[in-house]
Amino acid sequence: MSKALDGVRILDFTHVQSGPTCTQLLAWFGADVIKVERAGEGDATRGQLRDIPGVDSLYFTMLNHNKRSITLDTKKTMGKQVLETLIRDCDVLVENFAPGALDRMGFSWERIQELNPRMIVASVKGFGPGPYQHCKVYENVAQCAGGSAATTGFADGPPVVTGAQIGDSGSGLHLALGIVTALFQRNATGRGQKVDTAMQDAVLNLCRVKLRDQQRLERTGTMEEYPQFAEGGTFGDSVPRAGNASGGGQPGWILKCKGWETDPNAYIYFIAQAPVWPAICKVIGREGWISDPDYATPRARLPRLMSIFATVEEWTREHTKFEVMDILNKYDIPCGPILSMKEIAEEPSLRASGTIVEVDHPERGKYLTVGNPIKLSDSATEVTRSPLLGEHTEEVLRELGYDAAQIAALRDERVI
Ligand code: COA
């Protein structure tokens, strides 16, 4: 079966998480991704958070599937020559070095254009142009700078970062879209272009609804669906943390379920969607609320939301989260169990859909990974293991036209 990105060759100069997420997606869509790593050490994540001594970490293996790895010291003259050959041969260069690193290496946008005017050069940086453009950035810095931390957590607590890697993997996703878009435009223009994603921008894009709320707050001085409104508190001049309130027009909250005293994930997200209000009242045994003017309309409920959730919780506490899910869904009442990572890893439907995949690795054996979350009907994803450091160095060099003597010379000079 053909793949969507068959024939696209990626020079993958990425490391850590943001860039590798992007190139992994492109590899899953069929691109030939050649990961260029520093001779001797490789991507730092190979050795970070190791669970098996001397074996590539899960951090690395889970972000670098379906790629080939070559080692190359791109600061040595002979290494630069190989890199030039790769640039001529590839369609896309993806990198997420610290700002200026590629220029310092001698590969400015202008130089790359000279070598290959069709090349798309895609970069992740922490910040776009502005006061912080020269800063090195990791995930949580981006979450803080992009509006996520300020709006996550409870009003009476400090800002909180989220477990979802919206700064790194979020940026990688944005970058991947930019790359395929640039490839599409290249079909018409014949030219490459620069594709830049700043992690701050990617996080902010995912926090779009909070900038919406900032403007609502400035116009009206309040936001009725926020818990602060129901609790009679006041709003300051910027969007507050809203605990577990829903970000949309349908109020919701996380409620305790049976077993919550000992199981940290015995909770359910419950949404008091307006059209199913009568069904909610019947399920929890509060039929009187259906016609009670204090509860009958969404507007009447807004100032009472927290006490309504507390009453619903009296009912959810009598059932497990899965029982609550079954009962409420019979009436189309939207809700979602808080699934632990253990439960997700063991979920048969996620295995069946290829979202959780078991992969075999020659050094670590079998491990679980998250497969391609984007399913194309005409370009199936087959998740294969990440490459060992430099596993494909000779194979790729031969493809580029290097003969055995030249490869031996590169090895003697410790370029590869
Ligand atoms: N051969 C020779 N040198 C190489 C090389 C290779 N194959 N690959 C990388 N290098 C060099 C770089 O040229 C750079 O050298 P320089 O500092 O002399 O210019 C050096 O290795 C270090 O690269 P750098 O990107 O600065 O790594 P770091 O570990 O110090 O910083 C980050 C890591 C993630 C903070 C930084 O890369 C960054 O801010 N990236 C952009 C934002 C980002 O993606 N962050 C999220 C990461 S998940």
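In this predicted model, the side chain of Arg104 places an N or O atom 2.7 Å from an oxygen atom of the ligand, a polar contact in the sense of a pair of N or O atoms within 3.5 Å. Taken alone, the ligand exposes 930 Å², and the protein buries 84% of that (Shrake-Rupley areas with a 1.4 Å probe). Arg38 also takes part through its side chain, with an N or O atom 3.1 Å from a ligand oxygen. Leu72 contributes from its backbone instead, where an N or O atom lies 2.9 Å from a nitrogen atom of the ligand.

A handy note on conventions: residues are numbered from 1 along each chain as its sequence is written. Local features need pLDDT of at least 70 and side-chain atom pairs pLDDT 80 or more, while totals for chains, interfaces and linings use all residues, and side-chain values use heavy atoms, without hydrogens and water.

Around the ligand there are 23 residues, each with a heavy atom within 4 Å of it. Lys75, Ala98, Arg104, Lys136 and Val137 are the closest. Sorted by class, this shell holds 10 nonpolar, six polar and seven charged residues; Asp, Glu, Lys and Arg count as charged, and Gly is among the polar ones.

Turning to the loop between α2 (58–61) and β3 (68–71), Asn64 is found there. Asn64 counts as buried because its relative accessibility is 0%, the cut-off for buried being under 20%. A polar atom of the Asn64 side chain lies 3.0 Å from the backbone oxygen of Phe60.

Note on methods: A polar contact is a pair of N or O atoms within 3.5 Å; within protein, one must be able to donate a hydrogen and the other to accept it, and residues adjacent in sequence count only if both atoms are side-chain atoms. Helices (H or I, at least four residues) and strands (E, at least two) are DSSP runs, numbered from the N terminus. Buried means under 20% relative accessible area, exposed over 50%, partly exposed in between (1.4 Å probe, protein chains only).
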